[in-house]
Amino acid sequence: MLFLLLGIVLLHIAALVLLFVSTIVSTWVETSGSSADLWLNCSTTNGGSHCDPANTSEWIQAVQATMILSIIFSVISLFLFFCQLFTLQKGGRFFFTGIFQILASLFVMSGATIYTLKNADWVPESASYGYAYILAWVAFPLALISGCIYVILRKRE
């Protein structure tokens with residue numbers, strides 16, 4: 001049981017780290033001389049770098065909000081897990097922890113989906129998705145799997 005708990009905590013922390021990195025790092029979209037993320041659009045010209053604030057349209061703000069909400073729900077879920085680990089009765093399930101983690105996965109999926117659908121309107125054809133965008137999509141199944149495991153998991157002595 002100890003190894004199972006350790007494994008699920010490590011899976012949760014891995015998903016949380018991926019959520020932090022994908023939200024903070026500035027490479028959701030890359031071209032040869034520029035990169036864009038949820039917060040800044042940076043370009044490199046003549047050896048110098050120049051960054052402007054990200055687009056202020058509603059869709060980018062929705063992506064920002066859903067990514068931040070996914071981090072918040074995942075942190076709350078981890079906190080709830082440790083609280084339930086010490087207060088839950090034998091045979092009890094980690095429902096609240098699982099629900100919050102599943103909500104975190106749904107928020108990151110929503111944010112990445114909105115970004116996927118809307119970035120075609122303003123990103124040139126030559127651009128490619130950056131690693132932060134890919135990390136957001138990788139964080140989605142990890143958070144969903146850990147949330148489902150929390151819901152199924154029963155506490156034993």
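Two strands are said to pair if DSSP finds at least two bridges between them. Helices (H or I, at least four residues) and strands (E, at least two) are DSSP runs, numbered from the N terminus. The model is a predicted one, in which local features need pLDDT of at least 70 and side-chain atom pairs count only at pLDDT 80 or more, while totals for chains, interfaces and linings use all residues. Residues are numbered from 1 along each chain as its sequence is written, and side-chain values use heavy atoms, with hydrogens and water left out.

**Strand pairing**

Strand S3 pairs with both S2 and S4. The table sets out the two pairings.

| Pair | Residues | Direction | Bridges |
|---|---|---|---|
| S2 and S3 | 34–36 and 40–45 | antiparallel | three |
| S3 and S4 | 40–45 and 48–53 | antiparallel | six |

Between S2 and S3, Ser-35 has Cys-42 as its bridge partner, and a hairpin of three residues joins these strands. On the S4 side, Leu-40 stands opposite Pro-53. The hairpin of S3 and S4 has two residues between the strands, and Asn-46 takes a positive phi near 50 degrees there.

**Overall form**

The protein contains four helices and five strands, arranged from the N terminus as α-β-β-β-β-α-α-β-α. Its C-alpha trace spans about 65 × 30 × 20 Å along the principal axes. Of the 157 residues, 39% are buried (under 20% relative accessible area, with a 1.4 Å probe and protein chains only). Among contacts (heavy atoms within 4.5 Å) with a separation of 6 or more, 71% are between residues 24 or more positions apart.

The accessible surface, from the Shrake-Rupley method with a 1.4 Å probe, comes to about 8,500 Å², and carbon and sulfur atoms hold 71% of that area. There are 6 positive and 7 negative side chains, and the centres of the two sets are 33 Å apart. Lys and Arg count as positive and Asp and Glu as negative, with His and the chain ends not counted; each charge is placed at NZ of Lys, CZ of Arg, CG of Asp or CD of Glu.

**Annotated regions**

An unreviewed UniProt entry places the feature "transmembrane region" at residues 62–82, 94–117 and 129–153; such annotations may be inferred rather than shown by experiment. In the model, residues 62–82 are 100% helix and 0% strand, with the end C-alpha atoms 30 Å apart. Residues 129–153 are 88% helix and 4% strand, and their end C-alpha atoms lie 36 Å apart.

Definitions and conventions: Buried < 20%, exposed > 50% of the residue type's maximum accessible area, 1.4 Å probe, protein only.
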